[in-house]
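Please examine the sequence and the fold shown below before reading on. The paragraphs after it form a guided reading.

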Amino acid sequence: MSLACAVNLPYQLIAVSGPEQLSYLHGQLTQDMNLITEHNFLWAGHCSPKGKLWGAFRVFKHQQRYLLLGSDAEVQASARELKKYGVFAKVEIETVKDHRVIGVHSQTQLNNVCDLLGLKFNNENTACDFGNNKALKLDEQRLLLYVDSEFSLPDDIAFNENPSLFIEAGILAGEPQVNEANIEEFVPQMINLQALNGISFKKGCYTGQETVARMRYLGKNKRAMFIVQGSCPEAIEETELELQLGDNWRRAGKVIHQVFNSATNTYSALAVLPNDTEHSVSLRAKHSPEVALTIMPLPYSLDDQ
């Protein structure tokens with residue numbers, strides 16, 4: 001029996017290098033870049049001057065440069081904006097073409113999988129090098145591997161062509177991802193980035209900082225990201241959810257990330273809704289109204305960090 005299952009993931013990366021890479025990214029991202037080392041990864045948002053997100057990224061260091069990992073839409077939007085302002089700093093910004101991202105999911109603890117891959121996560125570390133590659137520990141059952149073309153999986157790790165189970169686990173963990181339709185629409189708190197320690201409120205100025213701070217200190221934010229799930233006979237692609245009020249339905253919020261599990265006929269999604277939405281409300285997919293949805297508990301607190 002295989003120790004774990006691995007899948008190729010549809011993530012892309014931005015690489016930032018050069019003598020001013022740290023200071024440049026520190027002034028662009030919501031994260032305190034001084035906290036990122038070779039042994040950890042941290043979430044960070046990249047915002048427009050109005051505080052609206054171009055992307056939410058896992059950021060880590062590898063071979064003397066910073067890497068921002070996100071969806072294709074996020075990487076395209078952020079790379080464009082980073083390059084626009086990067087001409088004024090001593091940095092090189094490029095999208096990564098010669099590596100791939102593999103997700104590894106174990107049904108038990110990762111210890112045996114880490115031993116098999118030669119990974120050593122000391123203490124509370126969430127990142128480690130192995131050969132020319134990098135591993136990120138998402139939780140006790142999931143890894144992300146950033147690997148070159150020479151890498152091959154050990155025989156005891158099975159490969160699956162369908163990434164839906166790994167994506168489903170990320171959605172149920174409340175890990176945000178902005179899709180193409182929602183680029184530059186949400187401030188970081190609307191996708192719970194503060195709950196993932198992806199916003200530093202002490203680091204000083206960065207692009208969009210004024211809006212992000214106002215949302216926190218003046219209580220301006222009225223939306224949050226929720227996990228929703230429901231039974232579905234086949235895969236659907238939804239953009240909006242509706243909420244029942246008496247005999248009527250009204251717009252509730254937007255879907256930003258979704259997946260269909262064909263083994264269990266389950267639809268799971270991340271949706272941005274009013275942050276006072278009760279978990280007991282009746283929701284449905286707007287364009288597939290036969291699909292009833294339930295709000296699932298978040299694995300973290302949305303209280304002010």
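The text that follows moves from the domains to helices, salt bridges and individual residues.

This is a predicted model, in which local features need pLDDT of at least 70 and side-chain atom pairs count only at pLDDT 80 or more, while totals for chains, interfaces and linings use all residues. Residues are numbered from 1 along each chain as its sequence is written, and side-chain values use heavy atoms, with hydrogens and water left out.

The chain is divided into domain 1 (4-172) and domain 2 (188-296), the bounds coming from an automatic or database domain assignment. Their centres, taken over C-alpha atoms, are separated by 24 Å. Domain 1 gives 23 residues to the contact and domain 2 gives 26 residues, where contact means heavy atoms within 4.5 Å. Between them the two domains bury about 2,100 Å², with 62% of this on carbon and sulfur atoms. Buried area here is the accessible area (1.4 Å probe) that two parts lose on being put together, summed over both.

The helices may be taken next. Helices (H or I, at least four residues) and strands (E, at least two) are DSSP runs, numbered from the N terminus. Helix α4 is mostly covered, seven of its nine residues being buried; the term buried means under 20% relative accessible area, exposed means over 50%, and partly exposed lies in between (1.4 Å probe, protein chains only). The buried residues of α4 are Ser164, Phe166, Ile167, Glu168, Ala169, Gly170 and Ile171. They pack against β1 (4-8), β7 (99-105), β10 (142-148), β12 (223-231), β14 and β15 (266-274). Just after α4, Gly174 has a positive phi of about 70 degrees.

Helix α5 (residues 209-217) has Thr211, Val212, Ala213 and Met215 buried. The buried residues of α5 pack against β3 (41-47). A positive phi also occurs just after α5, where Gly219 takes a value of about 65 degrees.

In the loop between α4 and α5 lies Gly198, which is buried at a relative accessible area of 0%. Gly198 and Thr30 are 168 residues apart in sequence, yet their C-alpha atoms are 6.7 Å apart in space. Leaving aside residues up to four places away in sequence, Gly198 touches Thr30, Gln31, Trp43, Ala44, Gly45 and Leu193.

Charged pairs form the next topic. Side chains of opposite charge can pair when their charged atoms come close. Over the whole structure, 14 salt bridges are found. One of them joins Arg58 and Glu175, with the closest N and O atoms 2.7 Å apart. This pair links distant parts of the chain, with Arg58 in strand β4 (residues 53-62) and Glu175 in the loop between α4 (164-172) and α5, 117 residues apart. Both Arg58 and Glu175 are buried. A network of salt bridges links Arg58, Asp139, Arg142 and Glu175.

Glu185 and Lys254 also meet in a salt bridge, at 2.8 Å from N to O. Glu185 counts as buried because its relative accessibility is 17%, whereas Lys254, at 22%, counts as partly exposed. A further salt bridge joins Glu140 and Lys137 at 3.6 Å, N to O. Glu140 counts as partly exposed because its relative accessibility is 40%.

Two sites remain to be described. Gln244 is placed in strand β13 (residues 240-245), and counts as partly exposed at 33% relative accessibility. Its contacts, not counting residues up to four places away in sequence, are Trp249 and Ser282. Gln244 and Arg284 are 40 residues apart in sequence and 8.3 Å apart in space, C-alpha to C-alpha.

On the surface, Tyr85, Val87 and Phe88 form a nonpolar patch with about 380 Å² of accessible area together. Patches are made of residues with over 30% relative accessible area and no salt bridge, like charges being joined within 9 Å and nonpolar side chains (Val, Leu, Ile, Met, Phe, Trp, Tyr) within 5 Å. Accessible areas come from the Shrake-Rupley method with a 1.4 Å probe, and for residues only the protein chains shown count as cover. Tyr85 is found in helix α2 (residues 72-86) and is partly exposed, with a relative accessible area of 36%.

Notes. Salt bridge = Lys/Arg side-chain N within 4 Å of Asp/Glu carboxyl O.
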